[in-house]
Amino acid sequence: MRRRLLAWLLLMVGSLAATPATAQAPAKRSPFAVKAEALTDLFNGKTEPAALFSPSFLGQVPAAQVKAISEQLRSQFGLAKAVNRIEAAGPGSGTVFVDFERATLQVSLSVEPTPPHLIQGLLIVGSEVKGDSLSRIVEELKALPGRTSLAIARLGNSAPAMLIGHEAQRPMAVGSAFKLFLLAQLDLSIRAGERRWTDVIPLTHRSLPSGFLQDWPAGSALTLHSLAALMISQSDNSATDTLLHALGRERVEAMMAVTGVRAPERNRPFLSTMEAFALKGGDPEFARSWAGADEAGRRTLLGRIAGTTVEKIDVARLNARPNLIDSVEWFLSAEDLVRTLDWIRRNGSKETLAILAINPGLARPAAARFAYVGYKGGSETGVIAMSYLVQERKGAWYAVAGSWNNPVKKVEEDRFALLMARAVSLLPRSDAP
């Protein structure tokens, strides 16, 4: 339900021009080069983030989070050894390649133009792991605490051909990845002539974030295209709930069988985001009744939370720790997600595929390898799921889907995102089918 924040920063690198000097004098390093070389000690935990980063950066990414990310990098790739090279792009930013014991990380970096030239932007945009392979990624997934799954398939004229799988048939909590079914049902309705992308409907069901439509006035007029684009690219929950009620809950439920979900009954009745919030942040006894009920019982109980307002939800409980992720969620296997992406590839309109590609879920350099990258992820405390639909420049299509659930503690979202980005980067550069 919560959109995972991807901080896309504009980063332009300074040149490393030497000042005029005698033949024996060393060239003066630019402020950008100085900060780039300081990344090694930062990643190794030897430098405090406050010494390197601007207050504005630390306001968005607190020092504790910077330290946690550095610790994750060390656990995955070993110690940082040295800056391999710097690729300049402008006077104060660029790309830095940092060698670790087991990988080289590609880091976009920008520094402030005035002294002390603190870092104002940092984003890991790629990694090249020494001896990396899909089987190695599976082993790293297996080592994570909790439950993990992964499915990677080549897509053609018949059913997806699995290249590798790990617990790929096991239903997992997937957060906002469920929004793929609303996109598929909307596409089907439009192609059937029942609706048009330009149809305007009012904002009828405001929810909690992620997204921003919850702050708009009730009844705001939006096209179906705008609602779908916000639902997928921003994971806007208010756009999602408005679309769910416009399309009809039963039709979205039926869409799961159409796309090939193997256990759709786990997601019936198909919850809106506000209904899930009401269950997770409302009366605990009621939530336990929901967890123990069959489908008919859940449909009866659903009526009792209709019209729940934000004031009745304990928002603090939603993020403090994993909350009912085994009973109040949307449950799909990695193979379910692969089949759903393949259905969209085969049947979706150009508008639907374009919406799915607004947020590629990869840094730009990683996405640039492909002719097409579509993406939908999802997360809440204890849950993360990521699913990709990609087309190689030679024409072949692939789907990659993975999930990580931990019912007792938060998952490391950045660590999982790096694993999934590595999996996508290892897809074969094959000819068209």
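Two strands are taken to pair if DSSP finds at least two bridges between them. In the predicted model described here, strand β1 (residues 80-88) and strand β2 (residues 93-100) run antiparallel and are joined by seven bridges. The two strands form a hairpin, with four residues between β1 and β2. Within this pairing, E87 stands opposite T95 of β2.

Confidence in the prediction averages a pLDDT of 91 over the protein, and 93% of the residues score at least 70. Residues 2-25 have a pLDDT that stays under 50. For this segment the model has 64 contacts beyond four places in sequence.

The largest nonpolar core comprises 63 residues. Those with the most contacts inside this core are L182, L186, L243, F270, L271, L356 and L389. When neighbours within four places in sequence are left aside, L182 is in contact with M231, T240, L243, L244, L247, V252 and F270. Another core, of 29 residues, lies apart from the largest one, and I164, Y398, A423 and V424 are among its members.

Helix α5 spans residues 134-142, and its buried residues are L134, I137, V138, E140 and L141. Seen down the axis of α5, these buried residues fall within an arc of 160°, so they line one face of the helix. The elements that cover them include α4 (63-77), β5 (147-155), β6 (161-166) and α17 (413-425).

Two loop residues were examined individually. H117 is located in the loop between β3 (103-111) and β4 (119-129). Its relative accessibility is 17%, so H117 counts as buried, the cut-off for this class being under 20%. Leaving aside neighbours within four places in sequence, the contacts of H117 are P31, K35, V111 and E112. Of these, P31 is 86 residues from H117 in sequence, yet the C-alpha atoms of P31 and H117 are 6.3 Å apart in space. With E112, the side chain of H117 reaches the backbone oxygen at 2.9 Å.

D283 is found in the loop between α10 (273-280) and α11 (284-292). With a relative accessibility of 49%, D283 counts as partly exposed, because exposed residues are those over 50% and buried ones those under 20%. A polar atom of the D283 side chain lies 3.1 Å from the backbone nitrogen of E285. Along the chain, D283 and G78 are 205 residues apart, and their C-alpha atoms are separated by 45 Å.

Terms used: Residues are numbered from 1 along each chain as its sequence is written. This is a predicted model: local features need pLDDT of at least 70, side-chain atom pairs count only at pLDDT 80 or more; totals for chains, interfaces and linings use all residues. Side-chain values use heavy atoms; hydrogens and water are left out. Buried means under 20% relative accessible area, exposed over 50%, partly exposed in between (1.4 Å probe, protein chains only). The arc is that of the directions from the helix axis to the C-beta atoms. Contact means heavy atoms within 4.5 Å. pLDDT is the predictor's confidence in each residue, from 0 to 100. A nonpolar core is a set of buried Ala, Val, Leu, Ile, Met, Phe, Trp, Tyr and Cys residues joined through side-chain atoms within 4.5 Å. A polar contact is a pair of N or O atoms within 3.5 Å; within protein, one must be able to donate a hydrogen and the other to accept it, and residues adjacent in sequence count only if both atoms are side-chain atoms.
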